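Trainee: I am new to this structure. Can we go through some of the labels and what backs them up?
Mentor: Gladly. Here it is.

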Amino acid sequence: MIPPQFEYFRPVSLDDALRLLADNEGEAKVLAGGYSLLPLMKYRLAEPGMLIDIGHVPGLQDISQVDGEWRIGARATHAQIAASAAAADWDVVREAAGGIGDPQIRNWGTIGGSCAHADPASDWPAVIQALRGHFVLRSGTGERVVPARGFFRDIFTTDIGASEILTEVRVPTPAARTGSAYLKLERRAGDFATVGVAATISLGGDGRIDGVGIGLTSVAEHPFASDHAEAAVHGAHPSDEMFREAGQAAARQARPAEDRRGPVDYKLAMVREMTARALRLAADRAAANA
């Protein structure tokens, strides 16, 4: 499979990349690791007239802790994130990063490329929404910091403007008595998720759940946060019964399609079960972090 012809540019600064993007609005696509965009081009599902390769733009691969949050450069690779202090802080980040594809994909694929691409079965969008994170979008006229919840609009569609580049992902550092987990059902190791669930839980001094985030992937036209499932457990003491109720609520919000990974009823059953399991694991880890 051969992609259509295109112009290729490799800017060495973010300003140059943004200038190229603005001058070729509607024709240009940003290339980071390439593991999301290039397959679409080979299948002729995307036919940009220009690729702007930001692989040599400095400052987009850094991971740092600033003002109570982790700031992850959009060009940080999955492998880099898995080995970072952010992954040591958040089990959900470590488990997601370490389970994406194979070693080659983890060494080249980037968090920014994954989120900007917005594949309905991608892992990072569910995780960032469960963590109530934000995306930093840069254009030639300034910067926007937008919540992850609401950023994903439809299949392969996000809030990124035609002249904007996603430059950074921001997630909070965990408070005390906080735990998290990412569980992914896959047909074989490294495959896209049949169902993926990211969960975070924070416990108050009385043992009740005073903070919760639940993100799901591969069960709708885009990854989403299940606010109904979150409401089912917020303020309650952790219990298997409550987690099962949350799983039921998540399944009611899910909109899976039948495909080679399974029929709709099977996927909904897995949403119920895996949501309950992810919440239980996150709660156990939160209690251990007291």
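Trainee: What makes the side chains of Arg-153 and Asp-159 a salt bridge?
Mentor: Keep in mind that this is a predicted model. The N to O distance between Arg-153 and Asp-159 is 2.4 Å. The cut-off is within 4 Å, so the pair counts.

Trainee: Why is Asp-159 called buried?
Mentor: Its relative accessibility is 17%. Buried means under 20%, so Asp-159 qualifies.

Trainee: And is Arg-153 buried or exposed?
Mentor: Arg-153 has a relative accessible area of 52%. Exposed means over 50%, so Arg-153 is exposed.

Trainee: What links Glu-164 and Arg-144?
Mentor: Their side chains meet in a salt bridge, 2.8 Å from N to O. Glu-164 sits in the loop between β9 and β10, Arg-144 in strand β7, and the two are 20 residues apart.

Trainee: Why is Arg-144 called partly exposed?
Mentor: Its relative accessible area is 32%. That falls between the 20% and 50% limits, so the label is partly exposed. Glu-164, at 11%, is buried because it is under 20%.

Trainee: How do you know that β6 and β7 pair?
Mentor: 6 bridges join these antiparallel strands. Pairing needs at least two, so they pair. Within them, Phe-135 has Val-146 as its bridge partner.

Trainee: What about β6 and β10?
Mentor: They share 5 bridges, also in the antiparallel sense. At least two are needed, so this is a pair as well. Leu-137 stands opposite Leu-166 there.

Terms used: Residues are numbered from 1 along each chain as its sequence is written. This is a predicted model: local features need pLDDT of at least 70, side-chain atom pairs count only at pLDDT 80 or more; totals for chains, interfaces and linings use all residues. Side-chain values use heavy atoms; hydrogens and water are left out. Helices (H or I, at least four residues) and strands (E, at least two) are DSSP runs, numbered from the N terminus. Buried means under 20% relative accessible area, exposed over 50%, partly exposed in between (1.4 Å probe, protein chains only).
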